[in-house]
Amino acid sequence: MTASLSATVQSLLSALGALGVLFVFAPLVPGVARKTRAILTGRRGPPVWQLYADLWKLARKGAVYSVTTTWIFRLTPLVTLAATLLASAVIPLDGKRALLSFSGDAVAFAGFLALARYFMVLGAMDTGSSFEGMGASRDVTFASLVEPGLFVAFVALSVASGGLSLSNMLGADLWLRWSVVAPTIVLLAGSVFLLMLAECARVPVDDPTTHLELTMIHEVMVLDSSGPDLALLLYSQALKLSLFAAILIDLVLPRSSLPAWGAMALLGAGLTAVGVAVGIVESTMARLRLPKVPLFIASGAALGLFGLILLMR
Amino acid sequence: MGSLTEFLLFLIVLSDFAVLGTSRLSSCIRAVALQGLLLGLLPLVIDESLTPHAVGLAAGTVAVKAIVLPSFLRWAIREAAVRREVEPLVGYTASLALGVGALAVAFAVANVLPVRSSEAELLIPAALVTVMIGLIVLVTRAKALLQVVGYLMLENGIYLFGLTQARRVPFLVEAGVLLDVFVGVFIMGIVVFHINREFDSISADRLTELRE
C-alpha cells in the first residue's frame, strides 16, 4: 500500500517538476528562435532572454483601455492564460504521465486551445478596430484547418498506442510498440511540426516580426492590449509554442524509463532544439501568401493521414 | 534489409505527395528525379546480392530516370519559359486530399490482391499509389510539362510493381521498357517545345481548336 502511494507521489512530483520546467522555460523558446534567425541572417540579435525582460517591464506598467472596450477585453488575457495553463496540464511533459489524465483528454486539450482562441478573438473584436477584426477572421480561418489536422494526429497516436488518453498516447505505451509504429511516429512528428508553425503564428504562416497591420495575423489581435494584459498574452503565446514543442519531444525522445531529473533535462534540451528548428525555418523560408496557407496546413494533415493509413494496413 | 527497403518506399510515396502539392515546375521535376534515384537503388537493397543483372538495372534506371530525363525536362521548361502551374483543373489542397484517398485505396486493394511480395510488405501499396497519383497529376494539371511528369510517375509505379517479380524478368525486357520511356518522354518534350512555339503557351487546353 505504502509502496504504491509513494509511487503515486513520485509520479505526481515528476509531473509537477516538468510542468515547472515548462512554465519557466516557455519564454525562452521564441527567444531561441529569434536568436537563431538573427545569427543565420548575419545579425547579432536580442539576447535569448529578451522576452523575460519584456514581460517584467510590461508587468510593472499600467494598462490603457480604449473607451469602446468592455469587460470582455479585460477578461481576455486572464481566460487565455488560464486555458493555456489547463492545456499544459493534460500533456505528459515528463514523458510518463500528465498532471491531469482521463480518457479523451486529447479533445479537452484541443478544447482549451479553442477556448483561448475564442476569447482572443472576442477581445480583438471588442476593440472595434477593423484591423483586429481582420486578424481575428484570419486566425480563426487557419485554426479551423489546423484543428482537424491535430485530431488526425491524435487518432493516429491513439491507434498506435492503444490508449485514449494523452498520457498513454505520448507516454510509455507508445514506446512499447516503437518497432511497429516507427514510420508513423516520424510522419506524425513532421505533421505536428507543420501544425505547430500554423497554430503558433510562426513563419511561413504568420510573421511575428511584421510591422504592417494589414499583413499581421496574431500580432494584430493584441495590438490594443498593453501593460500586464499584453504580458499575459505574450506569455500564453510562448507557452502554447512550448506545448506543441513538448508534444514533439514526447514523439521523438523516449523518456518513460528515465528518472525525473533526466526527463526534465531532456525537456529543456528539446525545447531549445525546437526553438532552433523554428528559427532555421524562419530564416530559410519566406512567408506564404495567404491563399497558400491552407495548402500548407493541409500538407501537415496529409502527413498525419499517411501515418494513420500506415497503421491501418 | 527489410527496414531499409521500407524506408526507401516510404520516401517514394512522400515524393509522390511532393509532386502533388507543389506548383513550381522545377520542384516537381526535382521530386521526380529523387523518385527515380530511389527507384534505382531499390532493387539493390531488395536483392542484396550484387549480381550484374541487378547492378545493370540500377545503373540504367538511375541514369535515365534521375539524370537524363530530369535534365531534359529542365531544358524544356527553360526553353518554354514557364515556372509554375497556374491554373490546375483541381486545386492543390483538393489534389492532396485525392492523393490521401488514393493511398487509402492502395492499402485496401493491396490487402486483397493475390500478388504477394515476399520482399517488402509496403512494395505493392507503394506501387499502386504511385500509379494512381501519377494518373491524378496526368489528368488534373493543365501544363503539358506536368502531364509528362505524371506519365513518368505512372511508369515509376509500374516499375515498382515489376520489382515484385524482379528476379524473373529478363534484363533485355527491363532495358527495353527503360528505352521506351526514354523515347516517350523525349518525344513529349519536343512536342511541348513545338506547342510552346506555336501557341506561346504549353497549356494543353489550347489544343482543343483545330487550325489549318
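In what order do the elements of chain A run from the N terminus on? The elements of chain A run α-α-α-α-α-α-α-α-α-α-α-α-α, and the secondary structure of this chain comes to 13 helices and 0 strands, where helices (H or I, at least four residues) and strands (E, at least two) are DSSP runs numbered from the N terminus. The model is a predicted one, in which local features need pLDDT of at least 70 and side-chain atom pairs count only at pLDDT 80 or more, whereas totals for chains, interfaces and linings use all residues. Residues are numbered from 1 along each chain as its sequence is written, while chains are lettered from A and ligands numbered from 1 in the order in which they are written.

The C-alpha trace of chain A spans about 60 × 45 × 40 Å along its principal axes. For 313 residues a compact globule would have a radius of gyration near 20 Å, and the 19 Å of chain A agrees with this; the radius is taken over C-alpha atoms, and the globule rule is 2.2 Å times the number of residues to the power 0.38. Of the 313 residues in chain A, 49% are buried, a residue being buried if 20 or more other C-beta atoms lie within 10 Å of its own, exposed if 12 or fewer, and partly exposed in between, with C-beta atoms placed from the backbone. Among contacts in chain A between residues at least 6 apart in sequence, 79% join residues at least 24 apart, two residues being in contact if their C-beta atoms, placed from the backbone, lie within 7 Å.

Chain B has 7 helices and 0 strands, and buried residues make up 41% of its 212 residues. Of the contacts in chain B with a separation of 6 or more, 76% are between residues 24 or more positions apart.

The largest nonpolar core has 151 residues, and those with the most contacts inside it are V29(A), V192(A), L145(B) and V149(B). Such a core is a set of buried Ala, Val, Leu, Ile, Met, Phe, Trp, Tyr and Cys residues joined through C-beta atoms within 7 Å. Helix 11 (residues 227-252) of chain A gives the most to this core, with 16 residues. When residues up to four places away in sequence are not counted, V149(B) touches V19(B), C28(B), I29(B), V32(B) and V137(B).

The contact between the chains takes 11 residues from chain A and 12 residues from chain B. On the side of chain A, the largest share, 9 residues, comes from helix 13 (residues 293-312). Helix 13 of chain A packs against helix 4 (residues 92-112) of chain B at an angle of about 5°, with the axes 10 Å apart; axes are lines fitted to C-alpha atoms, for helices over the stretch in contact, and angles run from 0 to 180 degrees between N-to-C directions. The two helices are therefore roughly parallel, a term for angles under 35 degrees, with over 145 counting as roughly antiparallel, 65 to 115 as roughly perpendicular and the rest as oblique.

Two backbone features of chain A remain. A cis peptide bond, with omega about 5°, joins V203(A) and P204(A), and P204(A) lies in the loop between helix 9 (178-199) and helix 10 (218-221) of chain A. The loop between helix 9 and helix 10 also holds A201(A), which has a positive phi of about 55° although it is not a glycine. A201(A) counts as buried because it has 22 C-beta neighbours inside 10 Å.
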